[in-house]
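Please keep the sequence and the 3D view open as you read.

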Amino acid sequence: MKILYKQGSGESSLFYNFGIENLYLKEISEVSDSRLVTKKEHSHAGYEIHIVTEGEQIYETSGEKYLVQSGSFIIIPPRARHCVASSLPGSRKYSITFSVRKNSADPFFEQQTKVLFGKYDSEIAYILQKISEEYRYARVLSSLLVENSAFELTVKLFRLAGFEE
């Protein structure tokens with residue numbers, strides 16, 4: 001697992017203005033990170049987004065099964081019971097996790113209570129590629145570019161899934 005972005009503390013983070021806290025963006029490979037694939041049902045206080053770029057995983061949540069293949073994503077809302085029912089060997093994904101501050105100034109992320117599922121487009125693939133490259137090169141301004149791209153990625157995934165602002 002590679003942690004590509006970890007939100008800084010305090011008001012300096014772009015995410016802070018939207019009530020988002022503790023955001024992590026990770027790249028996970030089923031081959032090297034199989035211990036991180038949670039097959040036991042569980043829940044979190046915050047959101048969990050999985051973007052599958054290779055292979056497929058079957059997520060089970062609230063009695064529903066979602067086949068998340070390469071080119072698709074799932075957004076699991078806070079407190080939703082879920083697990084990875086199965087995963088193809090060699091699957092790769094990006095994972096975004098974050099919590100929403102209660103009574104935040106912007107209610108964008110506070111309203112979502114159901115699982116969202118969708119296909120992503122070439123724009124999302126480009127953002128993921130850009131984040132990976134900036135992480136790899138670790139240039140002076142890379143952390144700012146990764147933070148901006150992670151924010152753009154998060155908002156675009158919610159929009160692709162039909163979430164209305």
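Arginine 101 and glutamate 21 join their side chains in a salt bridge, at 3.9 Å from N to O. A salt bridge here is a side-chain nitrogen of Lys or Arg within 4 Å of a carboxyl oxygen of Asp or Glu. Arginine 101 sits in the loop between S8 and strand S9 (116–119) and glutamate 21 in strand S2, so the pair ties together parts that are 80 residues apart in sequence. This is a predicted model: local features need pLDDT of at least 70, side-chain atom pairs count only at pLDDT 80 or more, and totals for chains, interfaces and linings use all residues. Residues are numbered from 1 along each chain as its sequence is written, and side-chain values use heavy atoms, with hydrogens and water left out.

**Salt bridges**
- The whole structure holds eight salt bridges.
- Glutamate 21 is partly exposed, at 27% relative accessibility. Buried means under 20% relative accessible area, exposed over 50%, partly exposed in between (1.4 Å probe, protein chains only).
- Arginine 81 pairs with glutamate 41 in a salt bridge, with the closest N and O atoms 3.6 Å apart.
- Arginine 81 lies in the loop between strand S6 (72–76) and strand S7 (82–87) and glutamate 41 in the loop between S2 and S3, so this pair ties together parts that are 40 residues apart in sequence.
- Glutamate 152 and lysine 156 form a salt bridge at 3.9 Å, N to O. They are four residues apart in helix H2, or about one helical turn.

**Helix H1**
- Helices (H or I, at least four residues) and strands (E, at least two) are DSSP runs, numbered from the N terminus.
- H1 (residues 122–137) has 16 residues and reaches 22 Å from first C-alpha to last, close to the 22 Å expected at 1.5 Å a residue. The expected span is 1.5 Å times one less than the number of residues.
- Ile124, Ile127, Leu128, Ile131, Ser132 and Glu134 are buried in H1. They cover an arc of only 165° around the axis, so they lie on the same side of H1. The arc is that of the directions from the helix axis to the C-beta atoms.
- The face turned away from that buried side carries the exposed residues Ser122, Tyr126 and Arg136.
- Just after H1, alanine 138 has a positive phi of about 45°.

- Leucine 145 lies in helix H2 (residues 142–160).
- Leucine 145 is partly exposed, at 42% relative accessible area.
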